[in-house]
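Hi everyone, thanks for coming. I'd like to walk you through one structure today, piece by piece, so do keep the picture in view while I talk.

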Amino acid sequence: MKQFQPISLSSRELPKFIHHLFETLQNVLVVKNGHIVMKKLQDISNEVLIDTYDNLIPNQLDLFLASEFVNDNELDDPLFQNAINNVNSGLFIRVPEKIVVSAQLHVIYVFDESNVSHNSRIILQNNSNLNLFEYVHVSKKGHFNFVSNSIVGDNAQLSYSAISNLQFGVEGVIRRNNYIFRNGKSILTLAQLSDGNIDERSNVFLRGENADGIVKTVAITSQKQEFEIRQWVVHQAPKTI
């Protein structure tokens, strides 16, 4: 991430169905244009750090520097590089070592500004566990970038489910990179229920012995759309699955 300039929050107004989701779900966070506008995290340990980039930058840059390698993606992907160069929305999640989050964490993203470039960083330290559900709603026509980088430490486990809903007229670039270390395990389950055009790549980097990574994607289209969905699993250590 070369530059971060947050989007100003002009309104906290949300679609009615987002309010319904918030009332129905437990342990839920609503992030609008990079700002937390609603939250109830009653079953999530206070030791788990969940905050937006605008609250962490520049005073807690050390959190980012320790995991900045996620932006040095070795795959040839100019769209990814473009997406991380000028970030204006971000969420940081860190589960400390030996913390098991038994309840599912729901993160609802709402974007109604054009030219959004969002970046998430999800860090599971050694022997930790997280079950994450993510919903991405984009209503404004124009370009939209969404990059999610997750790090699964030694003996850690991540279950990551996501649904994306990009409205008609949105040109979306979505990248999810998953780095898994020794004896770590990650399952990515992704769904595209969008009317916009999407270029999506999901990359799993197995960086430690016995690392295990799975990625599954389903897409449902309507009207005339262009979807390009790719999945890569890169084995970078012995005995990876």
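**A walk from the inside out**

Let's start with Ser 164, which counts as buried, at 2% relative accessibility. You will find Ser 164 in strand 11, which covers residues 157-166. What does Ser 164 touch, leaving aside its neighbours within four places in sequence? Its contacts are Val 136, Ile 174, Arg 176, Ala 191, Gln 192, Leu 193 and Ser 194. Before we go on, please remember that this is a predicted model.

Now for the nonpolar residues. In soluble globular proteins, nonpolar side chains tend to be buried together. Here, the largest nonpolar core has 40 residues. Which of them touch the most other members? Those are Ile 93, Val 107, Leu 130 and Phe 144. Take Val 107 as our example: not counting residues up to four places away in sequence, Val 107 touches Leu 29, Val 31, Leu 91, Ile 93, Leu 132, Phe 133, Glu 134 and Tyr 135. Another core lies apart from the largest one, and it has 14 residues, among them Phe 64, Val 87, Phe 92 and Val 234.

Is Ile 18 buried or exposed? Ile 18 is buried, because its relative accessible area is 0% and buried means under 20%. Leaving aside neighbours within four places in sequence, Ile 18 is in contact with Val 30, Ile 108, Val 110 and Tyr 135. For a sense of scale, Ile 18 and Ser 128 are 110 residues apart in sequence, and their C-alpha atoms are 30 Å apart in space.

Next, please find helix 4, residues 78-85, where Phe 80, Ala 83 and Ile 84 are buried. Why do these buried residues line one face of the helix? Seen down the axis of helix 4, they fall within an arc of 90 degrees, so one face is what they line. The cover over the buried residues of helix 4 includes strand 5 (86-87), strand 8, strand 10 (142-152) and strand 12 (170-180).

Helix 4 also holds Leu 79. Leu 79 is partly exposed, with a relative accessible area of 36%. Not counting residues up to four places away in sequence, Leu 79 touches Val 173, Arg 175 and Asp 199. The C-alpha atoms of Leu 79 and Ile 174 are separated by 9.2 Å, while the two residues are 95 residues apart along the chain.

Here is a pair to look at together: His 35 and Asp 54. His 35 lies in strand 3, residues 35-40, and Asp 54 is found in helix 2. His 35 counts as buried, at 17% relative accessibility, whereas Asp 54 is partly exposed, at 25%. Leaving aside neighbours within four places in sequence, His 35 is in contact with Ile 7, Ser 8, Leu 9, Val 30, Thr 52 and Asp 54. Asp 54 and Phe 4 are 50 residues apart along the chain, with 8.3 Å between their C-alpha atoms.

On to the largest pocket. How much space lies in it? About 190 Å³. The pocket is lined by 14 residues, and Ala 66, Ser 67, Ile 123, Gln 125 and Ile 151 lie nearest its centre. The lining divides into 8 nonpolar, 4 polar and 2 charged residues. Helix 3 (62-65), strand 6 (89-95) and strand 8 (116-124) each supply at least two residues of that lining.

Last stop: the backbone. Most residues other than glycine have a negative phi, and most peptide bonds are trans. Where is the cis peptide bond I'd like you to find? It runs from Ile 57 to Pro 58, with omega near 10 degrees. Pro 58 sits in the loop between helix 2 (53-56) and helix 3.

Two residues have a positive phi although they are not glycines: Lys 98, at about 70 degrees, and Asn 115, at about 60 degrees. Lys 98 is in the loop between strand 6 and strand 7 (105-111), and Asn 115 is in the loop between strand 7 and strand 8. Lys 98 is exposed, with a relative accessible area of 61%.

Methods. Residues numbered from 1 in each chain as written. Predicted model: local features only at pLDDT ≥ 70, side-chain atom pairs only at ≥ 80, totals over all residues. Heavy atoms only, no water. Core = buried A, V, L, I, M, F, W, Y, C linked by side-chain atoms within 4.5 Å. Buried < 20%, exposed > 50% of the residue type's maximum accessible area, 1.4 Å probe, protein only. Contact = heavy atoms within 4.5 Å. 1 Å grid on protein atoms, 1.4 Å probe; cavity = no way out; pocket = protein on both sides within 12 Å on 5 of 7 lines; lining within 4 Å. Points joined across faces, edges and corners; volume = space filled by probe spheres on them. Helix = DSSP H or I, 4+ residues; strand = E, 2+ residues; numbered from the N terminus. Nonpolar A, V, L, I, M, F, W, Y, C, P; charged D, E, K, R; others polar. Arc of directions from axis to C-beta.
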